[in-house]
Amino acid sequence: MHLAAFPRIRLGHFPTPLEFMPNLTRHLDGPNLYIKRDDCTGLASGGNKTRKLEFLAAQALEQGADTLITQGAVQSNHARQTVAAAARLGLKCKILLEQRVAGANEEYEESGNVLLDRLMGGEIVARLPAGSNMQQAMEDLAAELRGAGHKPYVIPGGGSNPVGALGYVGCAQELLNQSFETGVRIDHVVHATGSTGTQAGLVVGLRASNSGIPVYGVSVRAARQQQEENVWKLVQATVDYMGLPAASVERADVVANSDYVGAGYGVPTDSMLEALRLTAGLEAILLDPVYSGKGMAGLIDLIRSGHFKKGENVVFIHTGGSVGLFGYRQALSGQA
């Protein structure tokens, strides 16, 4: 895989640390737990979308774009990082927010990521009801801007297309290099999976490298069959975009467990709150309530049920998003 063949602009701090979590490992009395700190990518408090945006923004600049358009939930980490990328590159950024969380309070609607979106000069064009066709809404906005003489570049939710997935193909290579340098044999990679770009990139990167390391996604939104099909579709598109043999990845390489979604996307669960408190209290690592919190909740439960064995080395990919904690103050303080 020759990632240098694809346009990329440096926006993040890489490589991100690979850290052992001794206290959480001891507490759970299971596998050796490591964490890949993609919350430390550096772009406006960091997160996994920075890796994707390095490729997406490079393509936007190649096409002469003057405006980035994207979409996400109200507390979208992706929207925040896209606004940050635009600010760094001297571009305008317009975002559409989907109100996916029913009955959200003012803290959720205005603090956290939303506050930073505005601070960095992003324009929240509209807040649309849950279930809206967000891709079509972005295309309509792009058409309006073109009509006014602008050159918009549309980034899908989560930066999850074959261009964005390249960021996590690169992360897979980075992780393999850290495994070699540290002498840590990685048996499993676990992470929260949502818009599919992170998981698709990791699967392509680790499978096409013949690493033998399986990727285990913990879904934060869709049911298992739908999530796996969404990831598989992007895996195939990414393999094709990179010019890799179609047989580089198999359908069985895509695994997504949806048992930890709870009542819905962005809705707190008891297991997520426990995961946040354990990771913060034992390792001083701040997860987020929507993605990494539910991903870690899944990992903890799978360890307790014996899915991951003592003596194995498990790497959890921290996708960032601690800024979103400020929108969940009531839930975190037990007032929800």
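In this predicted model, the C-alpha centres of domain 1 and domain 2 are separated by 23 Å. According to the domain assignment, domain 1 is made of two segments, 3-47 and 161-334, while domain 2 covers 49-155. Contact between them involves 44 residues of domain 1 and 33 residues of domain 2. About 3,200 Å² of area is buried between the two domains, and carbon and sulfur atoms give 58% of this area. On the domain 1 side, the residues that lose the most area to domain 2 are Leu-11, Leu-43 and Tyr-265, which together account for 19% of what that side buries.

A four-stranded open sheet has the order β5-β4-β3-β6, with parallel pairing. Its edges are β5 (123-129) and β6 (152-154), each of which pairs on one side only. Direction ignored, neighbouring strands in this sheet are turned against each other by 25° on average. Strand β3 (residues 67-73) runs parallel to β6 and is joined to β6 by three bridges. Across from Tyr-153 of β6 stands Leu-68.

The elements for which residue ranges are given here are listed below.

| Element | Residues |
|---|---|
| Strand β3 | 67-73 |
| Strand β5 | 123-129 |
| Strand β6 | 152-154 |
| Helix α8 | 197-208 |
| Strand β10 | 313-318 |

Helix α8 comprises 12 residues and spans 16 Å between its first and last C-alpha, close to the 16 Å expected at 1.5 Å a residue. Because 10 of its 12 residues are buried, α8 is largely enclosed by the rest of the structure. The buried set begins with Gly-197, Thr-198, Gln-199, Ala-200 and Gly-201, and also holds Leu-202, Val-203, Val-204, Gly-205 and Leu-206. Just after the helix, Asn-210 adopts a positive phi of about 55°.

Val-315 sits in strand β10. With a relative accessible area of 1%, Val-315 falls under the 20% cut-off and is therefore buried. Not counting residues up to four places away in sequence, Val-315 touches Leu-18, Tyr-34, Lys-36, Leu-175, Ile-186, His-188, Val-189 and Val-190. Leu-299 lies 16 residues from Val-315 in sequence, and the C-alpha atoms of this pair are 10 Å apart in space.

Note on methods:
Residues numbered from 1 in each chain as written. Predicted model: local features only at pLDDT ≥ 70, side-chain atom pairs only at ≥ 80, totals over all residues. Heavy atoms only, no water. Helix = DSSP H or I, 4+ residues; strand = E, 2+ residues; numbered from the N terminus. Expected span 1.5 Å × (residues − 1). Buried < 20%, exposed > 50% of the residue type's maximum accessible area, 1.4 Å probe, protein only. Pairing = 2+ DSSP bridges. Axes fitted to C-alpha atoms, helices over the stretch in contact; angles between N-to-C directions. Domains from an automatic or database assignment. Contact = heavy atoms within 4.5 Å. Buried area = accessible area lost by both parts, 1.4 Å probe.
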